[in-house]
Amino acid sequence: MRAEEEKGQQSDRDHFMGVEAYPFEQALSNEKCYNGVLPRSLFVEVPLINQQRTWDCGLACILMVLRTLGIDDYNIQELGDLCCTTSIWTVDLAYLLQKFSVSFSYFTVLQEQLPNDLVRVDMLFQKAMEAGIRIQCRSISGEEISILILTGNFVAIALVDQHKLSQSWHGDVCDSGFYSSSSGYTGHYVVICGYDAATDEFEIRDPASSRKHLKITSKRLEEAHKSFGTDEDLLLVTYTSFSSL
């Protein structure tokens, strides 16, 4: 549920079960209607913004989304000030999107809870519904993400295992010094902004990388996103303008 924890343990799950699971909405319920209609490939032109510290990859992803939506008034330091913490969880990112009136859905499977910062995060979850934040307790597959991206209506911020993600391009990517050398779980946020059905690859923006365009196979992304520790957290942001590949 947060990016910077490297080790987790099963505890206090009941603290979070008060979060209501919302029914899955129209985008995927109309999945069959998209057959033969969706383009084979599509991407949203999202600017790459690099993280500045080990803990602010999520803030960099929020900033990328805001810039894509034409919201240019804030920088990464100011977003950090709004969070009032260096322990950034996905729910913190959800509150930031809500503050900027961005339309989004928050998906999580709530598999594990980490003891650090639990009281503060528990309070954010309990107040989420009151704040108008929709938290849907379900998993989203790589296939579903690809359909959502190809509709041209969405980009996504995903919590992934950085180690599993970066195995796709070790030695091929000049990074900015934020890739973990650990072989264990290291949480990390990326923006998913494109998909190519011909190669079954997603285009992502990785705030730890210096490359503006990165592609990763659907299999690798799903492995990294569904790794133990991520809770499969996904912020699906509504975006209506798109360009074809």
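Here is a walk through the structure above, from the whole chain down to a few single residues.

This is a predicted model, where local features need a pLDDT of at least 70, side-chain atom pairs count only at pLDDT 80 or more, and totals for chains, interfaces and linings use all residues. Residues are numbered from 1 along each chain as its sequence is written, and side-chain values use heavy atoms, with hydrogens and water left out.

The score to look at is pLDDT, the predictor's confidence in each residue on a scale from 0 to 100. The chain averages 80, and 73% of the residues score at least 70. Among the elements, α2 has the highest mean, 98, while strand β9 (residues 243-244) has the lowest, 40. Two stretches call for a second look. Residues 5-24 have a pLDDT below 50, and beyond near neighbours in sequence this stretch has 52 contacts in the model. Residues 170-174 are also below 50, with eight contacts counted in that way. Contact here means heavy atoms within 4.5 Å.

Now for the overall build. The chain has eight helices and nine strands; these are DSSP runs numbered from the N terminus, with helices being H or I of at least four residues and strands being E of at least two. Of its 245 residues, 52% are buried, where buried means under 20% relative accessible area, exposed means over 50%, and partly exposed is in between (1.4 Å probe, protein chains only). Take the contacts with a separation of 6 or more, and 79% of them come from residues 24 or more positions apart.

What sits in the middle of all this? In soluble globular proteins, nonpolar side chains tend to be buried together. A nonpolar core, as used here, is a set of buried Ala, Val, Leu, Ile, Met, Phe, Trp, Tyr and Cys residues joined through side-chain atoms within 4.5 Å. The largest one has 44 residues, and L59 and Y106 touch the most other members. Several elements each supply at least two residues of this core, including α3 (76-83), α5 (118-128), β4 (154-161) and β5 (187-196). The largest share, nine residues, comes from α2. There is also a second, separate core of 23 residues, with A158, V190, L214 and I216 among them.

Not counting residues up to four places away in sequence, L59 touches I76, L79, G80, C83, I88, L93 and L96.

That brings us to how α2 and α3 pack. Two packed helices are described by the angle between their axes and the distance between the axes. The axes of α2 and α3 come within 9 Å and cross at roughly 115°; axes are lines fitted to C-alpha atoms, for helices over the stretch in contact, and angles run from 0 to 180 degrees between N-to-C directions. On the α2 side, L59, A60, I62, L63 and L66 meet I76, L79, G80 and C83 of α3. By class, this contact has eight nonpolar, one polar and no charged residues. For that count, Ala, Val, Leu, Ile, Met, Phe, Trp, Tyr, Cys and Pro are nonpolar, Asp, Glu, Lys and Arg are charged, and the others, Gly among them, are polar.

Next, α4. Seven of its ten residues are buried, namely T90, V91, D92, L93, A94, L96 and L97. The loop between α4 and β2 holds F100 and S101. F100 counts as buried, at 16% relative accessibility. Leaving aside neighbours within four places in sequence, F100 is in contact with L66, I71, Y74, L79 and L82. The C-alpha atoms of F100 and L66 are separated by 8.3 Å, although the two are 34 residues apart along the chain. S101, by contrast, is exposed, with a relative accessible area of 68%.

Most residues other than glycine have a negative phi, and most peptide bonds are trans. Phi of S101 is positive, near 60°. D231 also has a positive phi, near 55°, and lies in the loop between α8 (218-225) and β8. D231 counts as buried, at 0% relative accessibility.

Last stop: P47, in the loop between β1 (41-43) and α2. P47 is partly exposed, with a relative accessible area of 33%. Setting aside residues up to four places away in sequence, P47 touches M64, R67 and T68.
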